[in-house]
Amino acid sequence: MTTTQPLDIAFFGSSLVSAYWNGAATYYRGMLRALAARGHRVRFYEPDAYGRQQHRDMADPPWARVVVYAGDDEAAALRCVDDARGADLIVKASGVGVFDALLEAAVLDLRAPGSHVVFWDVDAPATLARMQADADDSLRAQVPDFDLVLTYGGGEPVVSAYLALGARGCVPIYNALDPETHFPVAPDARFDADLGFLGNRLPDREARVEAFFLDAAERLPGRRFLLGGSGWQDRALPANVRHLGHVYTADHNAFNCSPRAVLNISRESMARCGFSPATRVFEAAGAAACLITDAWPGIAHFLEPGTEVLVAEDGAAVAAHLDALDPDRARAIGQAALRRVLAQHTYAHRAAQVEALFEGRDAVSGLQEVA
C-alpha cells in the first residue's frame, strides 16, 4: 500500500472484462489492478460492442467497478460521463470503438479543481497518423485541453509529436507484466509446436505476419508452427501451420509455455515508432518463454538481445534462430527474460510511475517537467 492519498479513478476504455478483438485488455487489467493494489479506487466504463460482452474471459474483478453501457446509445454513454464527475483522475483511452469523439469532448467538461482529465493513447502511432492527416480531426483540436497525455509506448518520437500538437505533457507508460496472471505453467499438448504466434489479423499486421511467420514456416517445412488469433480462418496457410482461432486469456500461459519458442510481430506502425513493446512481449517473458521478436528501435531498453530475447530482421532470420535453437538454450533465454521483467517491468513498476506523476504535483507544470 502507498502512503499517497488514494485517487478516485474513472476510466473510459474498450473493455476490461473481454480480450475479444481487444488487444488493450491485458494492459488495462495489469495497470489498473496494480493501481488498485496501491490503494486507489477504479471505475471502468466500457460499451457493449463488438461481441465483447458475449466473449468475456473474466468476471467483474474485485479491484474495479465495471460499468457496461449500451454501445448504440449516446445518452447511455453520457450518463456514464456524468457518473464520473468529481473523480480525481478521469481517463479517456483511445480506441473505445464507439462514441470516441463524443466521450473525448464530454470528459473535458469534467475538468475542475481537483479533477484531472487525461487522454491515454493505447495506439499512439495510429492516433497520431490520423490527426496529422486530418487538420479537422476533433481530437487534434482537443489535445491541448487535456491535463496530460499518457501513451502505451512510442518513446521520444511519440512524445515529440504530441508536444508539437500542443499537449501540456506526454509520458509513455509502457506495457509490462502482471505476475498474477502471466507466469510459467506446464506444457500443454494442445499447443505443442516449434514456434507459436498469437495475434489477430489486422491490416497493418498481416504483411508482417506473412514476412516473419509464414515465410519462416515455408523455409522450415519439417517444423510445426502454431497460429492463434481471430480473422485467419479464410487465409491460405502453409501445410505445417495449424490455426487455432481465438485463444482466450486463460490459455495464454499454456500457449507461451508449450512451443519451443514464441514469436512477437509488431504492427507496422508500432515497429516504425519503436519503443512500443507489445503486450505479448511481457506475457511471453512472464511465462519464461523463449521469445523471438521482429526488430524495432528500443528493444534493448526492455530485454537484452541474444540473452533475454532473440531479434530477427525478417522471416529468414526467424527460421535461422529456430533452426539453431535447442531446448537448453530456449530455456535459458526464457528464464533470463523472466528475471529481467520481474526486476524492472511489472505493472507494479508502471503503477508507481503513474502515481509519481500525480503525487503532490500540479497537473500542468509538474507533469511537463516529467515529460
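This section describes the overall dimensions of a predicted model, the packing of selected helices and the setting of individual residues.

The chain contains 15 helices and 13 strands. Its radius of gyration is 20 Å, close to the 21 Å that the globule rule gives for 371 residues, so the chain is as compact as a globular protein of that length. Along the principal axes, the C-alpha atoms fill a box of roughly 65 × 40 × 40 Å. Of the 371 residues, 59% are buried. When contacts between residues at least 6 apart in sequence are taken, 71% of them join residues at least 24 apart.

Helix α1 (residues 25–37) packs on helix α14 (residues 347–358) at an angle of about 65°, and the two axes are 8 Å apart. At that angle, α1 is therefore roughly perpendicular to α14. The crossing of α1 past α14 is right-handed. On the α1 side the contact is made by T26, Y27, G30, M31, A34 and L35, and on the α14 side by Y347, A348, R350, A351 and V354. These residues comprise 8 nonpolar, 2 polar and 1 charged.

Helix α2 (residues 74–83) and helix α3 (residues 100–108) cross at roughly 30°, and their axes come within 10 Å. Since angles under 35 degrees count as roughly parallel, α2 and α3 are roughly parallel to each other. The crossing of α2 past α3 is right-handed. Helix α2 contributes E74, A77, L78 and V81 to the contact, while α3 contributes L102, L103, A106 and V107. By class, the residues of this contact are 7 nonpolar and 1 charged, with no polar residue.

Burial in α3 involves D100, L103, E104, A106, V107 and L108. The elements covering these buried residues include helices α2 and α5 (138–142), together with strands β1, β3 (65–70), β4 (89–93) and β5 (116–121).

The contact draws on A124, T127, L128, M131 and Q132 of α4, and on V158, A161 and Y162 of α6. It comprises 6 nonpolar and 2 polar residues, with no charged residue.

Helix α10 (279–286) was considered for its burial. Of its 8 residues, 7 are buried, so α10 is largely enclosed by the rest of the structure. The buried positions are T279, V281, F282, E283, A284, A285 and G286. A288, which has a positive phi near 60°, follows α10. This residue lies in the loop between α10 and β12 (291–294). A288 has this positive phi although it is not a glycine. With a relative accessibility of 16%, A288 counts as buried, the cut-off for burial being under 20% relative accessible area.

A positive phi is also found at W21, again in a residue other than glycine, with a value near 45°. W21 is located in the loop between β1 (8–12) and α1. The relative accessible area of W21 is 34%, which makes this residue partly exposed.

L342 is situated in helix α13 (residues 327–344). It has a relative accessible area of 42% and is partly exposed. Apart from neighbours within four places in sequence, L342 is in contact with L177, P179 and H349. L342 and L16 are separated by 326 residues in sequence, and their C-alpha atoms are 23 Å apart in space.

Methods. Residues are numbered from 1 along each chain as its sequence is written. This is a predicted model: local features need pLDDT of at least 70, side-chain atom pairs count only at pLDDT 80 or more; totals for chains, interfaces and linings use all residues. Side-chain values use heavy atoms; hydrogens and water are left out. Axes are lines fitted to C-alpha atoms, for helices over the stretch in contact, and angles run from 0 to 180 degrees between N-to-C directions. Helices (H or I, at least four residues) and strands (E, at least two) are DSSP runs, numbered from the N terminus. Angles under 35 degrees count as roughly parallel, over 145 as roughly antiparallel, 65 to 115 as roughly perpendicular and the rest as oblique. A crossing is left-handed if the near helix is turned anticlockwise from the far one by less than a right angle, and right-handed if clockwise. Contact means heavy atoms within 4.5 Å. Ala, Val, Leu, Ile, Met, Phe, Trp, Tyr, Cys and Pro count as nonpolar, Asp, Glu, Lys and Arg as charged, and the others, Gly among them, as polar. The radius of gyration is taken over C-alpha atoms; the globule rule is 2.2 Å times the number of residues to the power 0.38. Buried means under 20% relative accessible area, exposed over 50%, partly exposed in between (1.4 Å probe, protein chains only).
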